[in-house]
Amino acid sequence: MKVWILGIGMGPQHVTAEVASALRSADYVIAAEKSSDDGLLAVRRAVVDAYAPATPVVAVADPARDRSPGLTEPDYARAVADWHAARAQCYADVLRTRGGVAAFLVWGDPALYDSTIRIVEQVKDLGVELDYDVLPGISAPQLLAARHRIVLHEVGRPVHITTGRRLAQAAAAGQDNIVAMLNPDELDLSAVGDWMIWWAANLGAVGEALISGRVCDVVGQIAAARAAARAQAGWVMDVFVVRRI
C-alpha cells in the first residue's frame with residue numbers, strides 16, 4: 001500500500017507540479033471532516049477538482065478533541081495525543097478497507113506544525129503495511145513574508161518559530177524575532193505590546209487579511225480582522241511575525 005503526504009500550500013494556486021503529479025497517481029484522497037460545512041475540506045476538494053477531478057475524496061469524521069480554555073501544557077499535550085491516536089485509528093480503517101494508493105493533502109507544508117507524518121507513522125504501528133512519501137508545499141510563514149514583502153529575519157539573525165500559546169514564553173526567554181502559528185481563539189499579545197508585528201489571516205483563501213504595525217497600535221484591528229475572517233470563511237487560520245524594536 002502506498003501513501004502520499006502532499007503539501008498544498010493554501011489551495012489550488014500553490015500546488016506544485018510535483019504534488020499535482022503525485023495527486024494524479026492516487027486512487028483516492030483521505031481528508032478529515034470537522035463539520036458538515038468544513039471550509040478546509042472544501043479547499044481540499046477544490047485542489048482535487050483542479051488537478052485530479054476523477055479522484056474520489058474520502059471524508060472521515062474528525063474525532064473530537066478537548067479544546068477547553070486554560071488547559072495546562074501537560075493536559076494540552078494529552079489532548080492532542082489522544083486526538084492523533086483517534087485519527088490514526090480512523091485512517092487505518094479506511095486504508096485497510098480501500099488499499100491501493102492514498103493521498104493526504106496537507107495545509108501548508110507537512111514539515112511545519114502539521115502532524116500528518118506522525119499520524120501515518122501511528123497508522124503503521126497499528127499494523128497497516130504501507131510505504132509513504134512526503135512532498136513539500138508553500139508554508140504559511142513563507143506566504144506571510146511574501147504578502148508583507150519582508151524577510152523573516154534580520155541579516156545574519158535567527159527566527160524562532162513557535163505557537164501562539166508559547167509566544168509569551170518565547171519572548172521571556174529572550175527570543176526577539178518570533179513567528180507564531182496555530183494561534184488560540186483568545187490570542188494574547190500583551191507580552192510583545194511594544195514590538196512590530198506583521199500579521200495575516202486565511203492567506204490565499206476566503207477572508208484573507210493583512211495588518212502590520214506596532215502591536216499596541218494594531219491589536220484591536222487584529223482582533224476585529226480575526227472575527228471578520230471567521231465570519232466570512234467559517235474558520236480562521238492566522239500567522240504572524242513579531243520583532244523587538
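**View 1. Domain 1 and domain 2 of the predicted model, with their C-alpha centres 25 Å apart.** The contact draws 12 residues from domain 1 and 14 residues from domain 2. In the domain assignment, domain 1 covers 2–135 and domain 2 covers 140–243. Between them the two domains bury about 1,200 Å², with 65% of this area on carbon and sulfur atoms. Of the area that domain 1 buries against domain 2, M10, E73 and Y113 supply 47%, more than any other three residues. Two salt bridges are found across this interface.

**View 2. E73 and its arginine partners.** The side chain of E73 forms a salt bridge with that of R166, at 3.3 Å from N to O. R166 sits in the loop between β6 (160–163) and α6 (167–172) while E73 belongs to helix α3, so this pair ties together parts that are 93 residues apart in sequence. E73 also meets R165 in a salt bridge, at 3.8 Å from N to O. E73 is partly exposed, at 34% relative accessibility. R166 is partly exposed too, with a relative accessible area of 35%.

**View 3. The salt bridge of R87 and D62.** The N to O distance in this pair is 2.6 Å. Because R87 lies in helix α3 (residues 73–98) and D62 in the loop between β3 (57–61) and α3, the pair ties together parts that are 25 residues apart in sequence. R87 and D62 are both buried. In the model as a whole, the count of salt bridges comes to 12.

View 4. D93 is partly exposed, with a relative accessible area of 40%, and R96 is partly exposed at 44%. Elsewhere, salt bridges with shared partners join K34, D62 and R87 into one network.

**View 5. A nonpolar surface patch made by Y113, V159, I161 and L182.** The patch has an area of about 310 Å². Y113 lies in the loop between β4 (101–106) and α4 (116–125). With a relative accessible area of 36%, Y113 is partly exposed.

**View 6. Helix α5 (residues 140–148) and its cover.** The buried residues of α5 are A140, P141, L143, L144, A145 and H148. Their cover includes the strands β7 (177–181), β8 (196–201), β9 (209–214) and β10 (238–243). After α5 comes R149, which has a positive phi, near 55°.

Methods: Residues are numbered from 1 along each chain as its sequence is written. This is a predicted model: local features need pLDDT of at least 70, side-chain atom pairs count only at pLDDT 80 or more; totals for chains, interfaces and linings use all residues. Side-chain values use heavy atoms; hydrogens and water are left out. Buried means under 20% relative accessible area, exposed over 50%, partly exposed in between (1.4 Å probe, protein chains only). Helices (H or I, at least four residues) and strands (E, at least two) are DSSP runs, numbered from the N terminus. Contact means heavy atoms within 4.5 Å. Patches are made of residues with over 30% relative accessible area and no salt bridge: like charges are joined within 9 Å, nonpolar side chains (Val, Leu, Ile, Met, Phe, Trp, Tyr) within 5 Å. Accessible areas come from the Shrake-Rupley method with a 1.4 Å probe; for residues, only the protein chains shown count as cover. A salt bridge is a side-chain nitrogen of Lys or Arg within 4 Å of a carboxyl oxygen of Asp or Glu. Domain bounds come from an automatic or database domain assignment. Buried area is the accessible area (1.4 Å probe) that two parts lose on being put together, summed over both.
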